[in-house]
Amino acid sequence: MTVLPSSPFTGQVPDADPVETEEWVAALDDVVRVHGPARARYLLSRLAEHASGLGLAHVGAPSTPYVNTIPLAEEPDYPGDEAIEWRIRALIRWNAAVMVVKANARADGIGGHLSSFASSASLYEVGFNHFFRGHDAGPGDHLYVQGHASPGIYARAYLEGRLEAEDLDRFRREIGGGGLSSYPHPRLMPGFWEYPTVSMGLGPLTSIYQARFNRYLHGRGLDDTSASRVWCFIGDGETDEPETLGAISLAGREGLDNLTWVVNCNLQRLDGPVRGNGKIIQELESVFRGAGWRVIKVVWGGAWDDLLARDVDGVLVDKMDTVLDGELQRFTVADGAEIRADFFGPDPRLRALVAHLDDDALRALPRGGHDERKVHAAYAAAVRSDGRPTVVLAQTVKGWTLGSAVEGRNATHQIKKLDLAQLEELRRRFHLEADIPEGTLRADREPPYLRPAPDSPEMAYLRERRAALGGSLPSRRVAVRTPLELPDPKVFAELETGSGRQAVSTTGAFTRLLRGLARDPRFGPRVVPIVPDEARTFGMDGLFKELGIYAAHGQRYKPVDADLLLSYTEAADGQILEEGISEAGAMASFIAAGSAHAARGVPMVPFFAFYSMFGFQRIGDLIWSAADSRARGFLLGATAGRTTLLGEGLQHQDGHSPLLASTVPTMQVYDPAYAYELAAIVRHGLDHMYGEAPEDVVYYLTLYNENLPQPARPEEEGLDDAIVRGAHRVAAAPEGTTHRATVWFSGTAQVAAQEAQALLAERFAVGVELWSVTSYKRLREDALDHERAVRLRIPDPPRPHLADVVAAGTGPVVAVTDYMKAVPDQVARWVTDRPFTSLGTDGFGRSDTREALRAFFEVDAAHVAVAVLDGLVRAGTLDPAVVDAAVATLGVDRAGPGASRAH
């Protein structure tokens, strides 16, 4: 008996019948010997398919043969008028190309892309004509358009009458009103685009979490999302971005069969082949199948069906399986003779298959993504839910139909102009001779846009199809279906009364506030707590049992801590989104929740608490995308500060998040020191984002883990307004002192400020008043607005709050922060008549105690005191010898690290 080699699987499992096993193996050997490896691969594939139909797990090849997943015999009848749809597609292709060509014909050459939409036009048009549901009768579908395909979407909108020629002429020219944004940008075109997608990888990632958030809304009974599907279009080169494929296992794990991805596999990146030495479709099939997705390949157009049907030896499929993508790209630009010689020529059986075809017919053999019947069959299968998300891998040609100088070329992505000869070729290829009479296209004249008469068959068909599917897409509509009622003001009372002698961190205060908001009977269900596997770090684990952690399938196991009060509790209607170790995933959930007022007509209020150091610097692109998405909600940078987070060190201590947050135009950035400030900011934020005049902004608040006594909210008129506007006075200068100065602090820098105030009064007769600066960004923006109004002679500009803050104090100003000096330096140039000093934590973090860290970064009480004294010297009211004495007696190290802290 032959001893068979073992595999990692069979080598661990006893063979119950070795004789039978040897007979099966010998049979396969015979097939290979007599009929060749192609026949053997075919039989193995058939056995794998049959095993899958019997419900048997298959351990074998991660990909299927390089042919269409849906065979010809299983294709449904095409429901549309193919001739009219071809004509509409030709008009859209023409207008898309003309729009970009005209934009670049001017001297400034403003850019745009021709080739991405040219390769994917059929993929979109089949969807627009038969699948994508609009928003006329409800939320409909969610459509994520590949960013570089935007010209084609504008061209369709022009044909529908949603845009005019003047709009297309203002492609990438938005200044002065009107105009079309370069890519999908809801911030720039809020009535048109729904989802920003051109920052590659973010569209795919957020589409997964949008599909999951739809299930979350449905599971919690907040919205019926059963009729909505998420469609996401991406390019095969985009799958190299880690964000693109980073969450596909979530979609498979949670069975998101409301999600369909369409990957335009034109085999090209911006610079060259995606996988010149491999096969990207096969690679992606393996990845998606392994992640639990249903994979539908649309590789070859209908003209290949006859060839495959006559491939009795399997040699054509074998050739398809082994040809590399780099070769397939070359065959795109090759003539028929070269294709016959190099693709079909090596094997006489292959050459015989195409003997009846001339060279022009070989050159015209289409890729599957350009065949509307093949695409329709794939989409029809995709919308038949089977408990899995679906990915359609459609092979296309980049720049298809744009002419031999463009399509399939490595440089095609950068080609933004077509000369007269190329436009003439395009006219002929699209059969537009009647629309563009001979002589119309001239070097001294811009090519025309084409739109048939309103009563033409094309226009009637276009309107009928979109009306049947619920209206035009994309279309962003903010029509609230279920209004949101703001919480009872009593919810904030706990944070306003103070903590007495108990020391409480602002992170702990926030958790109490979040619990109170979630308990509000009307507002509470709309609260979406989001955390990336750090809830216990933030003290939020007490919410697990009370609110539940959302899990698509509930909790099908008994947790190890089931008997504890704070047990880990999952539920199908859970409220908390605990995203695991994925700040990117959590941010994608934030975007879905924060834009639900537009995408679903159901305003939701996300509170995303994350380790502050792993926020803006790690997922800044997603935060920018949230702003572009016009999302609303609260970002909470917990365990904030560079010296507050003792012991953790360089990669954990945050010294810059308020500065990074300030780069986002619509981000409201706050660094509160006290719980009552936190309450005032959240209360204001809720009204700002969800009140009578809502705005699409996001609030970023820092939260600290240092336990400190929380004072009660002072009874001062206008206090909440001052907190929100950026600064308020918390303590007057002690009486009986000789000199006056001011210390501004934020967050836990209050500790050094308060200690310095006492030290200076007791030892140097200096009276310091203390101000809590809650938002340097808000102070700066108000000052900039006022400065502009003065410069442009705008009458009666409102006085900036910063001017009142500066005018209210006397003496030098020392601003101390647990972040880089650049944070308070944002307002330094407006403090003109008083010496101004910034103290901050520039440089890398270190592992040590809070006291040691604050001394090291020179933001402790001693350094604050010395800075105040130095300011008085610069103001001319104090002898410099006092500073020398203070440096000596307060233990300040003149030989400290200084600038070397950055290394």
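A pocket here is an open set of points on a 1 Å grid over the protein atoms alone, where a 1.4 Å probe fits, with protein on both sides within 12 Å along at least five of seven lines. The second largest pocket has a volume of about 690 Å³, a volume being the space filled by probe spheres set on the points. The model is predicted, and local features need pLDDT of at least 70. Residues are numbered from 1 along each chain.

**Second largest pocket**
- The lining holds 29 residues (an atom within 4 Å of a point), and A364, L365, P366, W400 and R429 are the closest to the centre.
- Helix α3 (82–105) is among the elements that give two or more residues to this lining, with α13 (325–333), α14 (336–344) and α16 (359–363).
- The largest share, four residues, comes from α3.

**Packing of α3 with α5**
- The axes of α3 and α5 (residues 150–160), lines fitted to C-alpha atoms over the stretch in contact, lie 8 Å apart at an angle of about 120°.
- Contact (heavy atoms within 4.5 Å) involves I88, L91, I92, N95, A96, M99 and V100 of α3 and P151, G152, Y154, A155, R156, Y158 and L159 of α5.

**Packing of α23 with α25**
- Helix α23 (residues 583–594) and helix α25 (residues 616–628) have axes that come within 10 Å and cross at roughly 10°.
- The two helices are therefore roughly parallel to each other.
- From α23, E583, A584, M587 and I591 make the contact, and from α25, R618, I619, L622, I623, S625 and A626.

Technical notes:
Predicted model: local features only at pLDDT ≥ 70, side-chain atom pairs only at ≥ 80, totals over all residues. Heavy atoms only, no water. Axes fitted to C-alpha atoms, helices over the stretch in contact; angles between N-to-C directions. Parallel < 35°, antiparallel > 145°, perpendicular 65-115°, else oblique.
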